[in-house]
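Keep the sequence and the coordinates open while reading.

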Amino acid sequence: MKKYWGFESFRPLQEDIINHVLHGNDTTALLPTGGGKSICFQVPALCQPGICIVISPLIALMKDQVANLESRGIKALCITSEFDHKQIDAMFDRCIYDKDIRFVYMSPERLKTDIALARIPQMNVSLIAVDEAHCISEWGYDFRPSYLEIASIRSLLPKVPLLALTASATPAVVDDICKRLEFGKKSKVFQKSFQRKNLAYFVDWDEDKFGKAERIARKQKGSGIIYMRSRKGTERIARELKKRGLNIDFYHAGLDNEVRSKKQENWMKGKRQIIAATNAFGMGIDKPDVRFVIHMDIPDTLENYYQECGRAGRDEKKAFAVSLLTDSDVERFKEKSIQNFPSKEEIKRTYASICNYLQLAVGSAEGETFAIDLEKLCNSFELDQRTVLLSIKFLEREGYIQWHEKGELYSSVSVITDNQSLYNLRLKNYGLEPLIEALLRSYSRLFEENTRISEWTLAKRSKWPKDKVVKCLEWLHSAEYIRYTPAGSNPNITFTAERKDSKKLRLSNEHYNLRKEVVQNKAEAMLHFISDSSKCRSRMISEYFGEKNTADCGKCDFCLSL
C-alpha cells in the first residue's frame, strides 16, 4: 500500500476486505462512490504471486485503471474488442508467460470466447475481481445478462477466490450476487455505511432553477457538477449560467471524443468551475474538491442518484447535493418512468427500427457489431429514447443482441497490407501521399500491431483538415490497406443471433414481467425520496440499501427544518 500508493493507512473496511480475500475466501464489498474499491483487489493481488483477472463492463474504466497501474510501475493489460484475434492471442500468451503482468482487465463477454476458455486455465490466477457486481442481479438497476456467465469461470479456476465489488446494492441484490457467483460457505459481505457524514442532501422546489443554481455556485466557490438527463439540457444550462457570469462548460456523449476529453481535463484542472453533464459524466473520475452536485432532473433510480451525489466531497470536507425540481418534473417522471414501461409491441418496434436503421436483411448480421447513434435512430423512427433503452435491455436478456454502452475511446490503425503495396499506392495516388507519409512517420509499429492514433495529429502533420483525414482513412480501410477503428462516443450493438422478422420475435412473459416490476419499483422509490419531507434524507437512502438504526444527519433540508 505504501510502496505503490504512498498511503500510510487504509480507509474503513479496506483492510478487513483484503485480509478476508488473502485467506482465500469469496468476498462481497459494498463501498460507496469514492470509498476505494480498487485498492481492495489491487493490494491483495500484489501481495501474492500470480495474476488478477478483473471483470468490468466499461472499456473506459478498464483503460483508466490500467493507465493508473502502469503509472505506478505495475504491469497490466486490458483485452478489449479494439484488438484482432492475433493480438488477443498474443496478449493471453503474455498473461501466461510474462510473470511481471499482475492484472488483466476484460469484459464479461470476453470470458465466453473460445480463446479465453482455453487460455485462462493456463494462467497462474491469484484472484478474480468483479467490478460493478450489481450488474449480475435481475433485481439490480443495471442488470446485464453477460454477467450471468461469470460463474462459469469458477469451474476453470476452482481454488481461486472471487471478490465482488459495487457501490450500491439493496439486500435483495447482495443476496443475488452471492448466489449467482456461487460463493462458498466462508464468504462474507463487507458493507460500509451508506451515510456520508460530510454530504448534505436537499430537495428544493423552485421554479427559478437557474437563479438557484447560480446562488449555490457563487456561495460554494469550489467545483460543481450539474446533472441533466438530455444533451440539449446540458447545453442550455451552460449557455444560461455563462450569461450570468459563471465559469461553466457542458459535457455529453454526443461530442467529439477529443472535445469531451478537453472539457473534462479543463474541469479537472480547475479551469472551469462547473460542468453541466448527462450521467455519461463521472464514472471513474476522482476529483476530491467537488463541493456541490445539482440535479435539475429526476434520476431513474436511487442507486443512480446516490452514485452521482457521491462525486461530491471525496476530500471528506463539507459538500452539498441539491435537487432543483418543479411539479412538472414529477409529472414527466411519473409518465415516463412509472406508467410507461415499453409494451411487447414497442420492444418489437424498437428491434425492427434498429435493423432498418442498420439496413440489415432478415437472416443476416449474426456476430456482427455496429455503432448506433441513439439520437439519430430515435429522430429517424420517431421513438422515445428511454423506451428504446429499456427495450434494448430486454432484447439483450432474451439473447438477440449485446449492448455496449460506449464505443472505443481512441481511434486505432493497423496496416493489413505489405510495405510494397502501400508504397505502390503512394506512387499511383499522389493525393494520398501526405496522409500516408504522416501516418508512417508518426506511428512506427503500424505493421506489427494495432496502434492508437489521433486524427488531429495526422491533420496537423499532413496539413489537411481533420474531416479529410477521416474520409481518407475510411477509404484506406474500405480498400483493405489498413484496419481503421474510429473513436466512438456512440454505443455499439452486437447481434448475438441472426436478424429476425420482428413479428416472429419470442419474448418471455416471465422476464418481461420481472423487468417491468424492477423498473417501476425503483422509479417509485426515487419518487418517494424526493416527495417525502417527513424524514431525514440520509436515513431514507440508508434504509433503502438495507441499513438499519441510522441516526438523522442533522444537515439535510428535513433536519434543518426541525
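**A walk through the predicted model**

Leaving out neighbours within four places in sequence, Gln-65 contacts Ser-38, Phe-41, Gln-42, Tyr-105 and Asp-131, where contact means heavy atoms within 4.5 Å. Gln-65 sits in helix H4 (residues 59-71); helices (H or I, at least four residues) and strands (E, at least two) are DSSP runs, numbered from the N terminus. With a relative accessible area of 17%, Gln-65 is buried; buried means under 20% relative accessible area, exposed over 50% and partly exposed in between, with a 1.4 Å probe and protein chains only.

The model is predicted: local features need pLDDT of at least 70, side-chain atom pairs count only at pLDDT 80 or more, and totals for chains, interfaces and linings use all residues. Residues are numbered from 1 along each chain as its sequence is written, and side-chain values use heavy atoms, with hydrogens and water left out.

Now the chain as a whole. Its secondary structure comes to 24 helices and 19 strands. The C-alpha trace spans about 80 × 55 × 55 Å along its principal axes. A compact globule of 562 residues would have a radius of gyration near 24 Å, and the chain agrees, with 24 Å; the radius is taken over C-alpha atoms, and the globule rule is 2.2 Å times the number of residues to the power 0.38. Of the 562 residues, 57% count as buried. Among contacts between residues at least 6 apart in sequence, 77% join residues at least 24 apart. The chain exposes about 25800 Å², of which carbon and sulfur atoms supply 47%, by the Shrake-Rupley method with a 1.4 Å probe.

Next, strand E19 (residues 492-495). Side chains in a regular strand alternate between the two faces of the sheet. In E19 both faces are covered: Asn-492 and Thr-494 on one side, and Ile-493 and Phe-495 on the other, are all buried. Strand E14 (residues 369-371) pairs with E19 in the antiparallel sense over three bridges; strands pair if DSSP finds at least two bridges between them. Strand E15 (residues 401-404) also runs antiparallel to E19, joined by four bridges. Thr-494 is the bridge partner of Thr-369 and also that of Gln-402.

Helix H14 (residues 327-338) can be checked for length. Its twelve residues should span 16 Å at 1.5 Å a residue, and its end C-alpha atoms are 16 Å apart, which agrees; the expected span is 1.5 Å times one less than the number of residues. Asp-329, Val-330, Phe-333, Ser-337 and Ile-338 are buried in H14. They lie on the same side of H14, because they cover an arc of only 105° around the axis, taken from the directions from the helix axis to the C-beta atoms. An α-helix has 3.6 residues a turn, so residues three or four places apart point the same way. The cover over the buried residues of H14 includes strands E8 (199-205) and E13 (319-325) and helices H10 (209-220), H17 (385-397) and H22 (509-531).

Asp-256 lies in the loop between strand E10 (248-251) and helix H12 (257-268) and is partly exposed, at 32% relative accessible area. Residues up to four places away not counted, Asp-256 touches Trp-456 and Lys-466. Asp-256 and Ala-487 are 231 residues apart in sequence and 8.7 Å apart in space, C-alpha to C-alpha. Glu-265, in helix H12, is partly exposed at 30%.
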